[in-house]
Amino acid sequence: MTDPVLQTQGLRRSFTQGEQTIHVLRGVDLLVQPGEIVALLGPSGSGKSTLLQAVGLLEGGFEGSIRISGVEAARLDSPGRTAMRRERLGFIYQFHHLLPDFNAVENVVLPQLIAGSDRQNAEARAQALLTALGLGHRLGHRPSQLSGGEQQRVAVARALATQPALVLADEPTGNLDEATADVVLAEFLRLVRHEGSAALIATHNERLAQRMDRVVRLHEGKLD
């Protein structure tokens with residue numbers, strides 16, 4: 001039987017401000033199966049980004065269990081968490097965070113080289129992903145030469161470049177106008193399904209969330 005790509009149990013996260021303790025996550029139980037695209041829906045400030053940071057192994061201070069492809073994250077040391085992020089996870093943010101001195105292909109090649117791919121194969125995969133996203137004519141352009149939607153398409157290609165088991169996306173179209181957001185999200189979902197990855201996509205947009213396989217709602221630190 002195949003392990004869930006992501007499973008959290010009793011996930012909690014609190015922050016202390018002065019003498020006040022703020023409970024952001026209050027025992028989150030979440031299951032994402034291989035190849036499943038799940039919308040994490042909730043208003044701004046509901047803890048969506050905190051949850052993504054937890055399951056992306058980007059920040060400590062959490063209580064509870066996080067299992068990625070059957071591996072308990074709490075058992076991993078710092079190099080192990082780094083390896084897990086590099087080999088099993090892909091990340092997309094509201095702002096693309098592309099490297100400004102590298103062109104589109106180079107931005108998608110770099111994570112593959114870090115993961116151990118040879119340059120020829122990395123460049124071929126980068127070109128194939130970018131072409132599939134409609135950027136075949138923009139391969140040599142740097143981020144400053146691309147529109148907002150094009151930059152975010154490069155970020156999508158970068159996240160999928162290493163064939164991750166799970167893509168974590170935090171408001172991936174939140175910085176785009178509605179028409180561009182619709183197009184970029186459609187291409188993102190199509191490519192994720194084609195690649196066979198799972199995805200957990202945080203959004204506050206009900207309309208966009210309904211285009212995914214399943215919707216979970218974060219409310220007062222728990223999933224409804």
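**Entry 1**

I started with Q163, which is exposed at a relative accessible area of 55%. I take exposed as over 50% relative accessible area, buried as under 20% and partly exposed as in between, with a 1.4 Å probe and protein chains only. The model is a predicted one, so I note its limits: local features need pLDDT of at least 70, side-chain atom pairs count only at pLDDT 80 or more, and totals for chains, interfaces and linings use all residues. Residues are numbered from 1 along each chain as its sequence is written, and side-chain values use heavy atoms, with hydrogens and water left out.

I found Q163 in the loop between α5 and β7 (166–170). Helices (H or I, at least four residues) and strands (E, at least two) are DSSP runs, numbered from the N terminus. I checked the backbone of Q163 and got a positive phi near 55°, in a residue other than glycine. Most residues other than glycine have a negative phi.

I then looked up L57. Its phi is also positive, about 60°, and L57 is not a glycine. L57 sits in the loop between α1 (48–55) and β4 (62–68). Is L57 buried or exposed? L57 counts as buried, because its relative accessibility is 8%.

**Entry 1: T8**

I moved to T8, in strand β1 (residues 6–17). T8 counts as buried, at 2% relative accessibility. A polar atom of the T8 side chain lies 3.0 Å from the backbone oxygen of V28. I listed the contacts of T8, leaving aside neighbours within four places in sequence: V28, D29, L30, V55, S65 and I66. Contact here means heavy atoms within 4.5 Å.

**Entry 2: helix pairs**

I describe two packed helices by the angle between their axes and the distance between the axes. The axes are lines fitted to C-alpha atoms, for helices over the stretch in contact, and angles run from 0 to 180 degrees between N-to-C directions. Angles under 35 degrees count as roughly parallel, over 145 as roughly antiparallel, 65 to 115 as roughly perpendicular and the rest as oblique.

I took α3 (residues 104–114) and α5 (residues 148–160) to begin with. Their axes are 8 Å apart, at an angle of about 25°. α3 and α5 are therefore roughly parallel. On the α3 side I noted A104, N107, V108 and P111; on the α5 side, V154, A157 and R158. By class I have five nonpolar, one polar and one charged. For the classes, Ala, Val, Leu, Ile, Met, Phe, Trp, Tyr, Cys and Pro are nonpolar, Asp, Glu, Lys and Arg are charged, and the others, Gly among them, are polar.

I went on to α5 and α6. Their axes come within 10 Å and cross at roughly 15°. This pair is therefore roughly parallel. α5 contributes G149, Q152, R153, V156 and L160, and α6 contributes T180, V183, V184, E187, F188, L191, V192 and E195. I sorted these into seven nonpolar, three polar and three charged.

Terms used: A polar contact is a pair of N or O atoms within 3.5 Å; within protein, one must be able to donate a hydrogen and the other to accept it, and residues adjacent in sequence count only if both atoms are side-chain atoms.
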